[in-house]
Amino acid sequence: MKPLVSLSFMIAAFLSLFPNVLYANQPVISDISKDVVASVGEDVQFNCTVENVGRMSVSWAKRSVVLSMRNILSLSDPRYTITETRNDEAGSATYSLKITKIEASDMGPYECQVIVSATDKITKKLNLSIKHPPIISEERTPKSKLVTEGQNLEVSCHANGFPQPTIWWRREENAIMPAGGQTLPGPILRIKEVHRLDRGAYYCVADNGVGQPDERMVLIEVEFRPQISVLRPKVAQVLSHVAELECSVQGYPAPAVFWHRNGAKLHSNSRYEISNTASSHETTTSILRIASVTESDFGDYYCNATNKLGHADARLNLFQPVIPVPSSL
């Protein structure tokens, strides 16, 4: 939006034409349109009525840009029109600025100006607010947040829009929030003494009734020390058969998992095969496979897990089942 003629030039030209004009009555802006709220694509019109206008020059301006002077536009945007409606009997005039198919860039303050002299003017303002759907700020709303189990968590979500959006939080698949319920109102997600079960995806949702709500996922990652569970702590197997010992490990960061026996760390070789398989929810399943059980293999084995927060171990026992021998009659 570029003005064709500068305001200072127009004022100077007007004053040069009427250098000695004296006004018996001071001009007054008796009426101006109230603040306007509209949507993109709509038409708006601003009216400014000036009493005792005489030969005064009246303009519309947006910030420092002059849009019109009397009934002449000073910019080339075809969406703008200016109309001067004079009432010579009353000595007043109304200046109507119309903007068709408004855009987001049209938002802001508009000023009606009565040019009294090169250094003096009478003004009144109105504001054009344009409705637009909410947009959550990517710069001010994190994608993820890391917290240690037991600590308090606080995450802020920021959104822009007009009217001002309402913000709330929900969990993935509308799971129950840590404090109860399916939603948490407000822009700040707070969780006291975070538990590992609180980890997962949370969604910040912003809505102001214009267009579609906006939402942004924030991944909450919870660090916690390893925890081992064993489904079968005692495993029976006969000689010369394959035996499998299994433990399930949870922890974040993902723990390192090892097997030990008699204080020695076991490695995969011709006798042992160790496999660690990661699954969902920070769980690793570790299996110790013994190819062909011998007498020396019976006894205790230890599944060990370690991360930066701590250590855990679980004992498993491999034993030879007792097969009853039928007594002779």
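This dialogue goes through several features of a predicted model.

Colleague: What should I know before reading the values?

Modeller: The model is predicted, and local features need pLDDT of at least 70 and side-chain atom pairs pLDDT 80 or more, whereas totals for chains, interfaces and linings use all residues. Residues are numbered from 1 along each chain as its sequence is written, and side-chain values use heavy atoms, with hydrogens and water left out.

Colleague: Which residues have the most contacts inside the largest nonpolar core?

Modeller: A nonpolar core is a set of buried Ala, Val, Leu, Ile, Met, Phe, Trp, Tyr and Cys residues joined through side-chain atoms within 4.5 Å. Buried means under 20% relative accessible area, exposed over 50%, and partly exposed in between (1.4 Å probe, protein chains only). Here the largest core has 27 residues, and Val44, Phe46, Trp60, Leu97 and Tyr110 have the most contacts inside it. Apart from this core lies another, of 21 residues, including Val257 and Tyr272.

Colleague: What is Tyr110 in contact with, beyond its neighbours within four places in sequence?

Modeller: Contact means heavy atoms within 4.5 Å. With those neighbours left aside, the partners of Tyr110 include Phe46, Trp60, Leu97 and Leu128.

Colleague: How many bridges join β21 to β25?

Modeller: Strands (E, at least two residues) and helices (H or I, at least four) are DSSP runs numbered from the N terminus, and two strands pair if DSSP finds at least two bridges between them. Strand β21 (residues 256–261) runs antiparallel to β25 (residues 299–307), with 5 bridges, and Val257 stands opposite Ala305 in β25. Strand β25 also pairs with β26 (residues 310–319), antiparallel over 9 bridges. A hairpin through 2 residues joins β25 to β26, and Asn307 stands opposite Gly310.

Colleague: Which residues lie nearest the centre of the largest pocket?

Modeller: On a 1 Å grid over the protein atoms alone, a pocket is an open set of points where a 1.4 Å probe fits, with protein on both sides within 12 Å along at least five of seven lines; lining residues have an atom within 4 Å of a point. The lining has 17 residues, with Arg171, Arg199, Gly200, Ala201 and His281 nearest the centre. Strand β18 gives the most to this lining, with 4 residues.

Colleague: Where does Glu172 lie?

Modeller: Glu172 is in the loop between β14 (166–171) and β15 (183–185), and is partly exposed, at 41% relative accessible area. Its C-alpha atom is 5.5 Å from that of Ala201, 29 residues apart along the chain. Leaving aside neighbours within four places in sequence, Glu172 is in contact with Ala201 and Tyr203.
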